[in-house]
Amino acid sequence: MTRAKSTLEQWRILQAVVDYGGYAQAAEKLNKSQSSLNHAVAKLQHQLGIELLEVRGRKAYLTPQGEVLLRRSRHVTQAVNELEQLASNLEQGWEPTLTIAREIVYPMESLVCALSDFLPHSRGTRIIMLDSVITGTQELILQNKVDIAICAGIPPKGYLSEPLCEQELHLVCHPSHPLAEMGTLDDDKLLAQHLQLVIKDTGLQPNVDIGWLKAEQRWTVSNFHEAKVILNQGIGFCWIPSFLIQEELAAGKLVRLHLQGSQKRRIMLSLVIPNRDQQGPASKLLASYLLKHHGVSTSD
């Protein structure tokens, strides 16, 4: 392995001399003698065999070569700072990665708001977001594969949950669909005669799909965005979260169907921490921002 000619300390001194406008100013900021800074930069230039600074009057200026090397040096010193911070975080139990399961009926915008608050304090924690549906979310909780889960409906038995919000699902189709002309549907047998779009359960052993499931004809898709593409072609009907179809309803691209006694459905979404006994500080902080976003007070 080739031994480096320069040290991080030399590059940090060079950066300080440039950033603070000269040796005297940098020496004051770094609490070092001016002669030691002069010696460090002179030695760095000698080791590299290239002139980095030239002094004009009382101020030091970068040479063109110095500008290139200084710019690259900042990446190196920043990377080392981040590496040292990561080591400190790990020593304190701060998680390097958080995995979040998001039930797809939960608005991504709400999750992003919480993550935006978390980001300045994240210490470089990486975030992995998994979209999940019903049994899939519960499996991730039961198998302890996520740090935080946003779960629809009743969480798995034995797990505590914090209610976050309710989401409404509306029954919709394209304006050109025959169902759109029927007004209020008195009998769900009318629905059963038409193609239904349902969202596939993401569990390895799925037993539930999203939506009323009495239609003989069904197309199963992975998410609501795919369902909307199909609906926009005048095909089928689907239960979709209201926040995902506000623009389409306002523009008349989709219409709501009125089923007697079942015009809309509500789903409760809750925050679940699969392993509270081993929950780390990063997970606790992000969970607190999620609760705060929904106006839920915390004891911390």
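A charge sits over a ring when NZ of Lys or CZ of Arg is within 6 Å of the ring centre and within 35 degrees of the ring normal. In this predicted model, Arg265 meets that rule, sitting over the face of Trp239 at 4.5 Å from the ring centre.

**Rings and charges**
- Besides Arg265 on Trp239, there's Arg123, which lies over the face of Trp94, 4.2 Å from the ring centre.

**H5 against H10**
- Helix H5 covers residues 108-118 and helix H10 covers residues 281-293; the two pack at an angle of about 130°, and their axes are 9 Å apart.
- That makes H5 and H10 oblique to each other, and their crossing is right-handed.
- On the H5 side you'll find Ser110, Leu111, Cys113, Ala114, Leu115, Asp117 and Phe118, and they meet Ala282, Leu285, Leu286, Tyr289, Leu290 and His293 from H10.
- Sorted by type, the residues in this contact of H5 with H10 come out as 10 nonpolar, 2 polar and 1 charged.

**H1 against H2**
- Helix H1 (residues 8-20) packs on helix H2 (residues 23-30) at an angle of about 115°, with 8 Å between the axes.
- The crossing of H1 and H2 is right-handed.
- H1 brings Ile13, Ala16, Val17 and Tyr20 to the contact, while H2 brings Tyr23, Gln25, Ala26, Lys29 and Leu30.
- The contact of H1 with H2 splits into 7 nonpolar residues, 1 polar and 1 charged.

How values were computed:
Residues are numbered from 1 along each chain as its sequence is written. This is a predicted model: local features need pLDDT of at least 70, side-chain atom pairs count only at pLDDT 80 or more; totals for chains, interfaces and linings use all residues. Side-chain values use heavy atoms; hydrogens and water are left out. Axes are lines fitted to C-alpha atoms, for helices over the stretch in contact, and angles run from 0 to 180 degrees between N-to-C directions. Helices (H or I, at least four residues) and strands (E, at least two) are DSSP runs, numbered from the N terminus. Angles under 35 degrees count as roughly parallel, over 145 as roughly antiparallel, 65 to 115 as roughly perpendicular and the rest as oblique. A crossing is left-handed if the near helix is turned anticlockwise from the far one by less than a right angle, and right-handed if clockwise. Contact means heavy atoms within 4.5 Å. Ala, Val, Leu, Ile, Met, Phe, Trp, Tyr, Cys and Pro count as nonpolar, Asp, Glu, Lys and Arg as charged, and the others, Gly among them, as polar.
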